[in-house]
Structure formats: structure tokens, C-alpha cells
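Hi,

Here is the model I promised to pass on. Have a look at it first, and my notes follow below.

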Amino acid sequence: MWYNNILETIGQTPLVKLNKIVKDIPATVLAKIETTNPGNSIKDRMALKMIEDAEKSGKLKPGGTIIEGTSGNTGMGLAIAAVIKGYKCIFTSTDKQSKEKFDALRAFGAEVIVCPTNVEPEDPRSYYSVSSRLEREVPNSWKPNQYDNLSNSQAHYEQTGPEIWEQTQGKITHLVVGVGTGGTISGTARYLKEQNPNIQVLGIDTYGSVFKKYKETGIFDKDEIYPYITEGIGEDFLPQNVDFSLIDYFEKVSDKDAALMTREIARKEGIFAGNSTGAAVAGALQMKDRFKEGDVVVIIFPDHGTRYLGKMYNDDWLRDRGFLADGKLTARDIIAKKESAEIITIDCEKTVLEAINVIKSLNISQIPVTQQGMVIGKITESDILDSLMENPGIKSQPVKSISTAPFPFIDLNTSIDRISGMINKDNIAVLVEDEQGKIEIITQYDIINAISA
């Protein structure tokens with residue numbers, strides 16, 4: 001047996017029992033592994049459904065261009081379908097998303113436009129607004145609008161829900177799903193609750209998103225909205241695909257807990273999954289008191305870990321955000337091992353001659369340059385020498401005339417490996433702000449001293 005094209009392989013994903021990671025949950029916990037879809041995510045289901053419904057309605061015409069705002073997975077599903085069906089794709093996304101997601105979309109010939117995360121949805125720079133503008137401007141184009149297009153949730157009503165019901169032989173008692181567009185949880189829940197109204201549907205939200213408070217109070221609270229790192233779940237508006245009447249409860253999971261759990265799933269269950277999966281499993285563990293022996297809990301595992309190699313699976317990325325601590329020395333350790341000394345800076349309006357005198361008198365090789373107390377650049381011995389060779393009269397000029405880009409600032413949790421990699425002949429130091437707000441400088445000598453101390 002063979003398939004006529006890759007789109008026919010979408011769906012019928014496996015249900016796998018979790019063991020070590022959920023040992024504290026008394027119920028049987030099963031993972032719906034959506035990474036076996038051709039685009040490695042659950043979004044393949046609804047992407048194809050939206051396209052087919054648009055073709056039937058005449059909204060998407062032959063040779064057209066699909067324009068969508070996407071965090072990556074929906075874009076992948078749309079891009080794969082577009083290759084088979086002969087459409088072009090333009091996707092807008094946010095700078096919060098991983099680079100791997102954008103690279104994957106471009107691999108299928110899609111154009112990707114990256115927009116800022118920290119703006120209101122109605123802001124003309126937001127990825128929602130940019131995609132809407134492009135739809136108006138690009139001839140023969142169609143915007144699926146996965147948030148409000150009810151073909152999204154319908155796909156899961158027709159596919160995901162029936163698969164879970166059949167695979168559990170109707171024994172499912174709880175469904176745990178990360179909520180973003182709302183299509184997966186709402187469509188799946190609608191089907192399952194039609195079979196058994198007692199099934200509990202538990203949504204996973206993130207801090208910085210409005211879903212949980214809206215469900216519990218009916219209030220759309222803008223004060224709940226702030227930037228967050230977790231990808232694929234949470235929103236700062238209410239998509240039409242989120243049917244709150246079908247969701248019994250929302251559990252919020254922190255960025256840190258979601259990121260660390262993402263890694264734990266790979267290490268304890270051998271399942272290479274994405275960030276929203278980490279959030280879902282962490283949320284299920286937080287809700288363990290809701291489950292009892294004999295219950296059958298199904299958690300949706302929406303996408304694949306390859307899209308997060310530069311983030312949740314990268315130790316330095318986690319350390320930079322304070323999510324991970326290990327035995328390696330960090331900037332904090334290096335500072336602690338340094339001899340206490342006030343960092344020497346020079347104001348940008350001081351003359352080059354004054355800078356030369358400071359370097360000579362203190363026997364140092366570089367000085368951060370400040371303006372009104374803020375570090376804006378640097379001056380080094382080699383900068384001064386190069387400038388004097390070109391123009392001996394430069395001595396009377398202000399330091400700002402020959403200063404170069406400032407030393408990079410790092411976080412206190414930055415590992416010694418990364419710091420060492422940042423220091424080279426072109427960049428001989430890094431700066432770090434300690435817990436009291438004092439600026440410290442770290443040089444190669446300080447690294448050697450910390451290692452040998």
C-alpha cells in the first residue's frame with residue numbers, strides 16, 4: 001500500500017503511555033504524539049482542513065497566495081499543502097519564535113516576515129496586522145486566520161477527537177491540552193463530550209496570557225498581559241476558536257517550568273517534543289490531585305523538539321534566562337573570585353590624551369566610555385595607537401571621536417564557556433551588572449584567575 005501524496009499521511013497519530021515523568025500521577029497518562037504528522041505537528045490537520053474548506057467556498061483560487069500569521073507550526077502545515085496544491089505562501093511571525101521554525105518554513109519555499117512580539121495586536125507592526133495588510137495588497141491572496149477560522153476546531157472534531165476516543169476504547173476521563181488558537185482543545189473536546197459529557201477538559205495557559213482569568217471571571221483583563229517565552233500557547237486576545245464552555249479548567253505554567261519539563265520529557269521518556277508539550281506535562285503534574293487511580297488522562301504532544309534546539313534544548317539559552325544552573329562557573333562566580341575594585345571608565349567628552357594618561361597610570365589596556373554615566377562605547381590601547389599613527393593631533397580630540405562599540409553586556413548566569421567564547425582579539429572583555437546594580441568588567445585574566453583559584 002502507498003499514499004498518493006504526503007497529505008494523505010496526516011492523522012492517525014500514536015497514543016503512547018508515559019511512565020517515569022508522571023510517576024506521581026495515580027492515573028494512566030497517555031501522550032497523543034502529533035510529531036508523526038508530515039510537518040511534525042498537530043497543525044497539519046487544521047492547515048489542510050482550512051485550505052480544503054477555502055477551496056470549496058471559492059476563497060482560495062488556483063495559483064493563489066496563502067498569507068498567515070503563524071508561530072511556525074501552522075505555517076509548516078500550510079506550506080506543505082501549498083507545495084502539493086500549487087500555492088505560494090507568505091507568513092508573518094514574531095521575534096519570540098525559534099530560528100529553526102523560520103528556517104523550516106523557508107525550506108518549503110515560503111517567505112517569512114518577522115515582526116516584534118511586544119506590541120498590541122492592533123498595532124500596525126504586529127504579525128496579525130502585517131498579515132492582514134498583505135492580504136489586502138497581494139493579488140489573489142487568502143488569509144486562513146487560524147484564530148477565528150472555525151475550520152481549525154472542526155478539523156479536530158472530525159479527526160483528533162474520534163482518534164482519541166477509539167484509541168482509548170472510550171475510557172478517556174481527562175484531556176489536557178495547551179491552548180493557543182483554541183482549535184485543538186475545542187474541536188477535540190466537543191467530540192469527546194458528545195460521547196461522554198463527564199470527560200474533564202483541562203486547558204494549559206501561561207503567565208502573561210488572558211485565558212485563565214477570562215474563564216474564571218468573564219473579565220478580559222489587560223493587566224494579565226505581558227511578554228512571555230513559552231511558545232505555542234496563551235494569547236493576548238480571545239480567538240473565536242476558543243470555546244470556553246467546553247474547557248472545564250485552566251492551569252497556568254511558568255516559562256521556566258515549561259522549558260525545563262520539555263527537556264525532562266526527552267530524557268525520561270525518549271520523546272523529543274516541543275515547548276508547549278513541556279507546559280502541558282508540567283501542568284498535568286501541577287494538577288495531579290485532580291486525577292485518581294483508574295482515570296485515563298490524554299495529553300496532546302503538539303510538535304517536535306527540533307524546532308527548539310536553539311532554545312529549550314540549549315544550555316546557554318536557559319542559563320541566560322536563569323532557568324538552568326549547573327556545575328560550570330558563571331559570570332557571578334568570576335566576579336566573586338575577582339579582587340574587589342572600582343571599574344574605571346572615562347567620559348566621552350574627555351580628551352584622548354587624558355585617556356592615555358589613565359591607561360598609563362593604572363596600567364590597564366581598555367576603558368569603557370560613558371555618557372551621563374551610561375556605557376556607550378570603549379577605548380583600547382590599540383584604538384589609541386591606530387588613531388595616533390593616522391593623526392598625531394588626535395590627542396586633543398574627545399574620546400568619543402575614536403571610541404568603538406561597547407563591550408557586550410552579559411547576564412550573571414552566563415556560563416564561563418560562553419564568556420570565554422565572546423572574548424577575543426577584537427573584543428577583549430565583557431561587562432556584567434551585579435545584583436547591586438554595579439557594573440563589573442570581566443577580562444581573559446579574570447577567567448584564568450577564576451579557573452585556577
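What percentage of the 453 residues of the chain count as buried? The answer is 52%, with buried meaning under 20% relative accessible area (1.4 Å probe, protein chains only).

Before you go further: this is a predicted model, so to speak of local features we need pLDDT of at least 70, side-chain atom pairs count only at pLDDT 80 or more, and totals for chains, interfaces and linings use all residues. Residues are numbered from 1 along each chain as its sequence is written, and side-chain values use heavy atoms, leaving out hydrogens and water.

The overall picture: the C-alpha trace spans about 85 × 55 × 50 Å along its principal axes. There are 16 helices and 16 strands, taken as DSSP runs (H or I, at least four residues, for helices; E, at least two, for strands) and numbered from the N terminus. An automatic or database assignment gives domain 1 (6–38 + 152–320), domain 2 (42–142) and domain 3 (331–452). Between the C-alpha centres of domain 2 and domain 3 there are 45 Å.

Strand β8 (residues 200–206) runs parallel to β7, joined by five bridges; pairing takes at least two DSSP bridges. Val176 has Leu202 as its bridge partner in β8. Helix α7 (residues 183–195) carries the chain from β7 to β8 in a right-handed β-α-β crossover, i.e. clockwise from the first strand over the helix to the second, with the strands pointing away from the viewer. Strand β10 (residues 296–301) is also parallel to β7, through three bridges, and there Val298 stands opposite Leu175.

Cheers

Methods
Buried means under 20% relative accessible area, exposed over 50%, partly exposed in between (1.4 Å probe, protein chains only).
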